[in-house]
Amino acid sequence: MKQIALYGKGGIGKSTTSANISAALSDTGLAVLQIGCDPKRDSTRMLMHGRLIPTVMDQVRERGDREIATEDIVFSGYGGVRCVEAGGPEPGVGCAGRGIIATFQILERLGALSGDVIVYDVLGDVVCGGFAMPMREGYAQEVYLVTSGELMSLYAANNICKAIKRLSGRSRGICRLGGVIGNGKGLDQEEELVSRFAERIGSSLIFFVPRSTVVQKAELHKKTVIEYAPSSAQASVYRKLAENILANKRMDIPEPLEVEELEELAYEFIKD
Amino acid sequence: MRDCSAALWPCAMTGAVSCLTGLEGIGVVIHGASGCYFYPATILRKKIHCTFLVEEDIIFGAGERLRELVGTLGKTHDVVAVVNTCTPAIIGEKIEDMGEGPSVIVIDSPGFLGSYEEGFLAACRELPVGIDPGHPGVLVDGLSPLDPFYAGNCLETLRLLGRGGAMEPVLFSACPYTCLSHLPAPVITTNPDLHAGFGDMQGTFLGIDETVRSLSALEHISDNLPCDQVEREAEASKEEIARVCDKYLQRHDPPTVGIFGGTAYSCFAAALLEETLDASITCVGSRNPAALDPPCVTGATTLDQVREFLDRDRPDLILGSSFEHSLAPGTAFVPFTFPIRGMVRLKARPLVGIQGTLGLIEDVLNALLDR
Amino acid sequence: MKNWPTNSSRTEGCTLTGALSVSTSIADGLTIIHGPDGCVHHNASLLHALWHENEEGLFPRIYSTSMTEADVVFGGEERLVETLHAANRLHPGVICVLSSCVAAVIGDDVSTVCDTAGVQAVVITTGGFLGGGFSRGVSEALLALSSLGRKGEGNGTVNLIGEKNLEYEAEANYEEVNRLLALLGAKVQLRFVRKIPAHAISSLGSASLNILRDPSLTDVGRALEARFKTPYLSAFPVGLGGTLAFLQDVGEILGIESTDAINCEERYQKNLAVSFSDLDGSAITLDRGPVTSHVLIDELQESFGLVFTDQGIPVRLPDPLPVGTAGLSRLLHRWRRACRA
């Protein structure tokens, strides 16, 4: 079983990327489970044709965690991808990180963490211990950083490297950085920048996903690109990305950059 | 190296709860789990309420649960005080907004913020206090229900100040909540460690001379204070103390004494025993050491620290809690600070005022003679 | 209030207290609480009070990581490492590590810290109230400590699992079970965990029977059975019939003929009925306490002639229920005192 987690700055396109990776993998006949680890619960929405599925935390709230069955929280989406949303409290109350921890305990107890590939789509930044959960306890062994060439996005990715480095230094820490996924925002030399960033942190660029209007169109139709426009160039891009991830054997302990180094790097590319 | 052994003093949350339970008419709510509730509830033996949180409340927010409890208590109380505990404080939920309903005071003194005194004083700061310059009475503060001398100090204070209806003392925290809005300006404290900071300080009641001095300071406020009477009682009591101590010293060497408790109480006891018994104080171990403590005071906040002092000094007499007593079970012991386990204590014992000093000398000599 | 989950008891107390009730009963053990000092004080003071009542003297050996606000914000794992090393310098028989709700909510990774600190420790999953309540703490402590047990062949002895160390009459209950086992010629090998040195736990796997203190420990009984292949009985005996059945069950599992023991105990029970014959016809009213047992009430009616009505002398069934015939006898003495008062 391959377990991958996508981390990156909020709004960078993690959910779109995750859903398309899951869809592409399921097209090859693999059993895929995608878990959205974000209280905003829309990670699997395109796989579910626009439906916001009941979240694990919704079910806990309604019936208590002992009463939950697998079918209450695992829903079948495009291509048989099994979809789970952790969910969480309303914004401004409660503790979302604790909700993620509770979700993992429940999934484990139900034996739901199974299949050929599990894709964890995790909230923007590792703000507290709860959001590091997918990287801990051997859940997500491979972390992929999703970033564009924008400084703030690289900055967030660099921060996540710190968490990976920290967690991988432990005896039970089997979490490693699998690589960097570029998600283009249409900047000049963006792929080169992201690629250089990946090298500098001691990793590699898995694939660069260029910006494309097909993505927005597919979303308007509440579908993944893989489903909405299977013969489009963008669909091929996602398939290639999924293929590279599947084939990837390179696992690194990243060396995060100092803020100044990061800024210098970004500056080089603006200057040119 | 940091001393990791068990802490001998309760947390800020417990201090806040202790302060609030002394105020009649306040419904006190611990916003936390049952584990946080049981200790203050059992050691204070007062009616305390709790939201009894479980994990789900932390994930989804516990506001609704709290609002519901506050609403219920509002039906039977003038005001409800909510004391926050660690985990709800960490997740940072806003608990001030209780919507329509009773008036609510929120005290954000989770345990990790510090010790008992800090929580007690945090609660004081949040209380809606008003000073009424026209109030004919005196405020007596420093009274905490957790203190083994609480009831005794209340009684002795009332006796000293209220004799013949001389003055109307307001005891804090041992008064109706409604008194807080118009407190008298002059203040005497029974325990400087817990001085709430309201009003104008006139002195303390710790020690016989201090008691007389503080009372005379009040003389300009009320002319029918029984100062002469108290002075006569004070003189007679000091003579009695001198007599029994002399008698003890005729047959015995002065004792070596280790004292453990709050800084103010401990310093008072140390000075008293040096003066009356020529005792040699081996250690003034404070549960709440502060930067400005007199040099004789050392921190004794953990079991290993106390053990070290007792092993080093082997005093003839220990004033302290049952922690100290259990570390040196064969040593003469006077219960001086909480917890006091393993013995029955029902009657009110003061530490302040004239009776307080008499009581302490009596306990000390009896403990030494029983050795 | 809408559907709040009911899967955990809100009022049963902290997992820390439950786990400490077990871990501090290892005589040469040391327990670290990863949390603020307040948690340590609350629990240590409580245990100190109860130990005082049971004349066990001193003070539980507990270390604190003394988490402060700064640790809450920046993580408290370094404090735990420091405390583990400080504990290790005392060379305790075993170091147990518990985590508070504060450590759990900020996500400190206690297991990994313990793995990497180079100090051998038994991590007990607690997380303060975030890990459940008191009874969960007890079970988790027993499960975690069972890792110190070595596998072995059943040697005909019995382990007692999860005696209630905070219970006032814990020793009396032990003596009663011991008396019953002696009727069968069986012996207790290990009290897991009550007043034992850490190294004694290694023998956990070599008994032929585990007797759980009560059915709340069934998870523990099952886990020990899976690991050591030791069968278990799910509770100490309660009631007259329950005590006879206990003798029979123990006999069957250990392969001991129990007829003589049962006959002997039956004679004792009949004598008991005679010695309390003055209670025959006494009208009593059972207070609604935390526990009840219809079987026990029926036995009290049948064997002692007690009449349960609404207008009788108020009495209460203790929680936990009295153990064995001797426990029932002490209960009847207290009820007799109430009837005479």
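Here are some notes on this predicted model, chain by chain and contact by contact.

1. Let us start with chain A as a whole. Chain A contains eleven helices and eight strands. Its radius of gyration is 18 Å, close to the 19 Å that the globule rule gives for 272 residues, so chain A is as compact as a globular protein of that length. If you draw a box along the principal axes, the C-alpha atoms of chain A fill roughly 60 × 45 × 35 Å.

2. What share of the 272 residues in chain A is buried? The figure is 53%. Here is another way to look at the fold of this chain. Take the contacts in chain A between residues at least 6 apart in sequence: 76% of them join residues at least 24 apart.

3. Now turn to chain B, which is divided into domain 1 (12-126), domain 2 (138-226) and domain 3 (233-369). The centres of domain 2 and domain 3 of chain B, taken over C-alpha atoms, are 24 Å from each other. Where these two domains of chain B meet, 20 residues of domain 2 are in contact with 25 residues of domain 3.

4. Which elements of domain 2 of chain B give two or more residues to the side that touches domain 3 of chain B? They are α7 (150-162) and α8 (208-218) of chain B. The largest share of that side comes from α7(B), with seven residues. Sorted by class, the side of domain 2 of chain B that touches domain 3 of chain B has eleven nonpolar, seven polar and two charged residues.

5. With strand β7 of chain B (residues 169-171), β6(B) pairs in the parallel sense over three bridges, and B:Pro169 in β7(B) is the bridge partner of B:Val138. With strand β9 of chain B (residues 186-189), β6(B) also forms a parallel pairing over three bridges. There, B:Thr189 in β9(B) is the bridge partner of B:Asp141.

6. Chain C has an open sheet of four strands, in the order β6-β5-β7-β8, with parallel pairing. Why is one side of β6 (188-192) and of β8 (232-233) of chain C left without a neighbour in the sheet? These two strands of chain C stand at the edges, each with a single partner strand, so one side of each has no neighbour there. Strand β5 of chain C (residues 158-161) pairs with β6(C) in the parallel sense over four bridges. Within this pair, C:Leu160 stands opposite C:Arg191 of β6(C).

7. Finally, look at where chains B and C touch. The contact takes 39 residues from chain B and 44 residues from chain C. On the side of chain C that touches chain B, at least two residues each come from α1 (15-23), α2 (37-53), β2 (62-64), α3 (69-74), α4 (77-88) and α5 (101-106) of chain C. It is α2(C) that gives the most to this side, with twelve residues. By class, the side of chain C that touches chain B divides into 24 nonpolar, 15 polar and five charged residues.

Note on methods:
Residues are numbered from 1 along each chain as its sequence is written. Chains are lettered from A and ligands numbered from 1 in the order in which they are written. This is a predicted model: local features need pLDDT of at least 70, side-chain atom pairs count only at pLDDT 80 or more; totals for chains, interfaces and linings use all residues. Two residues are in contact if their C-beta atoms, placed from the backbone, lie within 7 Å. Ala, Val, Leu, Ile, Met, Phe, Trp, Tyr, Cys and Pro count as nonpolar, Asp, Glu, Lys and Arg as charged, and the others, Gly among them, as polar. Two strands pair if DSSP finds at least two bridges between them. The radius of gyration is taken over C-alpha atoms; the globule rule is 2.2 Å times the number of residues to the power 0.38. A residue is buried if 20 or more other C-beta atoms lie within 10 Å of its own, exposed if 12 or fewer, and partly exposed in between; C-beta atoms are placed from the backbone. Domain bounds come from an automatic or database domain assignment.
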